Amino acid sequence: MTTNDIINPANLVYAKAPIMNDVPMHYCPGCSHGVVHKLIAEIIGDMDMQEKTIAIAPVGCGVFAYKYLDVDWQQAAHGRAPAVATAAKRLLPDRLVFTYQGDGDLAAIGTAETIHACNRGENIAIIFINNGIYGMTGGQMAPTTLGGMKSSTSPNGRTVPLNGHPLDITKLLAQLDGTCYVTRQAVHTIAAVRKTKKAIQKAFENSMAGKGTSIVEVVSTCSSGWKMTPEASNDWMVENMFPAYPLGDLKNE
Amino acid sequence: MSESKKHNTEEVRLMKGNEAIAHAAIRCGCDGYFGYPITPQSEIMETMMELEPWNTTGMVVLQAESETSSINMVYGAAGCGKKSMTSSSSPGVSLMQEGISYIAAGELPCLIVNVMRGGPGLGTIQPSQADYFQAVKGGGHGDYKLITLAPASVQEMADHTVLAFELAFKYRTPAMILADGIIGQMMEKVVLPPFQPRMTEAEIAEKCPWATLGKPAWRKPNIITTLSLDAHEMEETNIRLQAKYREIENNEVLYEEFLCDDAEYLVIGFGTCARVSQKAVEMCRAEGIKVGLLRPITLFPFPTVAISKHADKVKSMLTVEMSAGQMVEDVRLAVNGRVPVEFYGRMGGVVPSPDEVYEVLKSKLVNK
Amino acid sequence: MKEEIIIAGFGGQGVLSMGKILAYSGLMQGQEVSWMPSYGPEQRGGTANVTVILSDERISSPVLNSYDTAIILNQPSLEKFESQVKPGGTLIFDGNGFHKFPTRKDINVYRIDATEYSYANNTSKTMNMIILGGLLKVRPIVQIVNVLKGLKKSLPDRHHHLLGVNEKALHIGMDLIKKME
C-alpha cells in the first residue's frame, strides 16, 4: 500500500474545516480558543453561511480571531463588540452576526454593552470564553476570577472585601427578556466539544430566525495564566470552575 | 423687498438647527443614527424618532445605552460601508473619544455631530466652543484628524450634514460637525437638501470594497482592525493616515470672507461667534472703520493660507471665541508673528454680545 | 426693515411660542427671520426668553444686547431687559404681579393686562395671541393675514379649528393695549 492509496477521499474521517485559515495560531498549548474557533468554522461551513457572516472580534486573546477564520471581521474596541454587532445586524438583518468575547471584554469593561444588547434582544450570537483571567495582558484578575484564585493582580488570591464576588454574568443575562438561549458549555472532553458545537449551531440558527440574543459561554482554561500544564488546567477547571459556573442550559426558549 | 429676494414658501421651512440635521440626514440617504440624549442637541434624535424614517427610507434609528455604545454602533455600521452617524454635546463627545480614535484608525467614514455646551465637567447646557482643540487636534489617542465643519446657520447645519458624509466617504475618515448650542437651538429659514436614495448593497460593495458585507468566495475576507503588534507596520499605517490628512488640507479648505478686500483689521470667528462678530463689523463699518471678518467653515483643514495672506495686508487681527482661546493658536501659527493677533473670548456658556466685540475691536485693534 | 425683539417672562406663559408665531409670520411675508430661545431647565417654571429678529436683509447676529421692542411678562424680566431697549424703542408689559413699573422716559411704554383679562374671560390658552395683537397694534411689523398663515403652518392639523379663536384674540389685544405716559 502506497501513501497515495492511503490519502484517498474514501478513507477520509476528519479534515480541517475549509473556513479555518491555514496559518499557525498564537494561542498557547492547551488553550480552549483553538477548539472553539474550529467549531465556529465548521458550523459556518455546515450552515453554508460564509458569504453571509460578519464576525466581531474582541480585545483580549481572541483579538486575532480574524486571522484564523476566513470570513469578514470587525475588531471592536475593548468590550464594545455587542454595540458593533448591534449596528451590523440592524443594518444587514439577513447576515449572521456574532461576537467572540472573553470574560474581561464581556463581563468587565463591556458589561453595559453586553447587558443592553441582550436586553434589546439583538438577533446576534455571543460566544463567551470564560477562563477566569486576563490572558493577553499576562494573567490579571478578571470579573470571573474565583474566590481565592491567584492572578498577577490578586497575587495572594481573590478576596471578597477587596475584589467582590466572581460575576456570573451568564446567569444574569438569562434573566433578561431579550435573550432566547443562554447556555454554559466546555471543550475539555470530546463529548463536551460535541455539545458545545450543537450549542453554537443553535445560537447561530436562533439569530438567523430572529429569536433574540443567544449566549454560549464556554468555560475554558488558561494554562499560561493559571500557570499549570494543559492537563492539570483541565482537572483544575473541572474541580474549581464547574462548581462556580455549572454547565448546562440556563435558558432555552 | 425686491421680487428677487422672495423665496418660494413651499420650499423654505423654519426649524431649529438640530431639526435641520435630522431632516438632512434622512434626505441624504443616511443608513443609521445611533445616539444618547443630551442637551442642547436632543432634538436631533427626537426629530428622527418622530419622522420614523425606517418606514420610508429604511434608515435605522436607535437610542443606545450610552455615548460609548453609540459611537461603537457607528463603528459597526460604518464598517459595513453604511452611512452612519451619531450626535451629542460636549460631555458625551468626551465619552466617545475612544471610539472616534478607532474609527479614524480603521479608516471608516461617518458623521459625528457635537453641539457644544460649556465645560469642563458637566458644565452648563449653554453654548460654548471650548471643544475646538478636542475636535481639530485629535481628541482621542494617537495621531489622527477629524474633518471638522463649523456651521454658522441652520441652513449650514443641513448643508454640512450632506457635505460631511461626502467628505467622509471621499477620504474614508470620520467627519465632525462642530456646532454650538445656539446654532442647534435657534430657528432660521432652511431649504432642505433633495432626497437621495440610500446606497444599495451592490453600490456599497462597489464604492466601499473594504466593507464587511460578508465574504463571497472570490475575494479575501475584509477585516476592519486597528491593531498592529509590529511597530513598523503601525508606522506605515500612520504614514498613510498623515498623507491623507495632507491631501485633505490641500483640497478641502472652506471659509467665508465678509468685507475683507479693503480691511485694515481682521476679525476671525467661527459658528455663532462669526455671526456676533459680523454685527460688530457692521457697527465699525458704519463709523468708517475698515474691519473685515474671516469665518473658517472647515476648522480642520484650517484656512491657514487665507489667514496668512491677510497677515500681509492688515494691521492686526482679533479672534473671537466662546472659549479661553483655542482657535487663536492656529491663527497665530498662520500669521507667524507678522501682525499682532488679539483674542477675545467668553467661557462656560456665556455668549459675547455684538457690543462687547465692537468695544474690543476698537480698544484692542483700532485705538491701540 | 429690521425689527429686533425680546420676549421674556415665566416658563409656561407662552413666551417661546409667541416668538415662534412671530417668526413664522415673518417667514410668510418673505423676510429673513431668526428665533433664539433661552433653552434648558429655564423652560420649566423659571424665566424664559426668546430673541426674534425679522429683517429684509441677511441677519448677522442672532444674539443681541439691545432691542427695538421688548415684551415683558414678569417682574424679573423687566429688571433685566428694560435697560436694553434702544432709545426710541418700545416696551410692552403685562402688569400682572408687578410691584415696580418701567421708569424710562426715552422709550414708548405700553401696558397690556392680558393675564387679568384671561382670568376674567377664560382665554388663558390664547393669552400670548392677545399680547401679540397688542404688539401689532403699536408695532405693525407683520400683517395679521401673515400671522394667521404662520399659525396655520406652525400648528399641527388637529389644532387648525382653533385659528378663529386665535384671530379673535389678536383683536382683543389690539383693544386692550394702552400707552403709559
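Predicted model: local features only at pLDDT ≥ 70, side-chain atom pairs only at ≥ 80, totals over all residues.
Helix H10 of chain B runs over residues 231–251. Is H10(B) mostly buried or in the open? The number of buried residues among its 21 is 1, so H10(B) lies largely in the open.

After H2(A) comes A:Asp48, which has a positive phi, near 55°.

Next come the domains of chain B. Chain B is divided into domain 1, residues 8–201, and domain 2, residues 256–366. The centres of these two domains of chain B, taken over C-alpha atoms, are separated by 27 Å. In chain B, 26 residues of domain 1 are in contact with 21 residues of domain 2. On the domain 1 side, helix H6 (132–136), strand S6 (147–149), strand S7 (174–180) and helix H8 (181–185) of chain B each supply at least two residues. The largest share of that side, 4 residues, comes from H6(B). Sorted by class, the domain 1 side has 16 nonpolar, 7 polar and 3 charged residues.

Chain B also holds an open sheet of 5 strands, in the order S10-S12-S11-S14-S15, with mixed pairing. Strands of a sheet pair through backbone hydrogen bonds, either parallel or antiparallel. The edge strands of this sheet are S10 (255–258) and S15 (341–345) of chain B, each of which pairs on one side only. From one strand to the next, the twist averages 20°. S10(B) pairs with strand S12 (residues 291–296) of chain B in the antiparallel sense, over 4 bridges. One residue pair to look for is B:Phe258 with its bridge partner B:Leu293 in S12(B). Helix H11 (residues 271–286) of chain B packs on the sheet, where it touches S10, S11 (265–268), S12 and S14 (316–321) of chain B. The direction of H11(B) makes about 170° with that of S12(B). Helix H13 (residues 327–335) of chain B lies across S11, S14 and S15 of chain B and runs at about 160° to S14(B).

The last topic is how the chains meet. Of the 2 pairs of chains that touch, chains A and B have the most contacts. No contact joins chain A and chain C, and their closest C-alpha atoms lie 28 Å apart. Where chain C meets chain B, the contact takes 20 residues from chain C and 25 residues from chain B. On the chain C side, helix H1 (15–28) and strand S2 (32–37) of chain C give two or more residues each. S2(C) provides the largest share, 6 residues. By class, the chain C side has 12 nonpolar, 6 polar and 2 charged residues. How do S2(C) and strand S8 (residues 187–191) of chain B run where 2 bridges join them? The two strands run antiparallel, and B:Glu188 stands opposite C:Ser34 in S2(C).

Conventions
Residues numbered from 1 in each chain as written. Chains lettered and ligands numbered in written order. Domains from an automatic or database assignment. Contact = placed C-beta atoms within 7 Å. Nonpolar A, V, L, I, M, F, W, Y, C, P; charged D, E, K, R; others polar. Pairing = 2+ DSSP bridges. Expected span 1.5 Å × (residues − 1). Buried ≥ 20, exposed ≤ 12 C-beta atoms within 10 Å, placed from the backbone. Axes fitted to C-alpha atoms, helices over the stretch in contact; angles between N-to-C directions.
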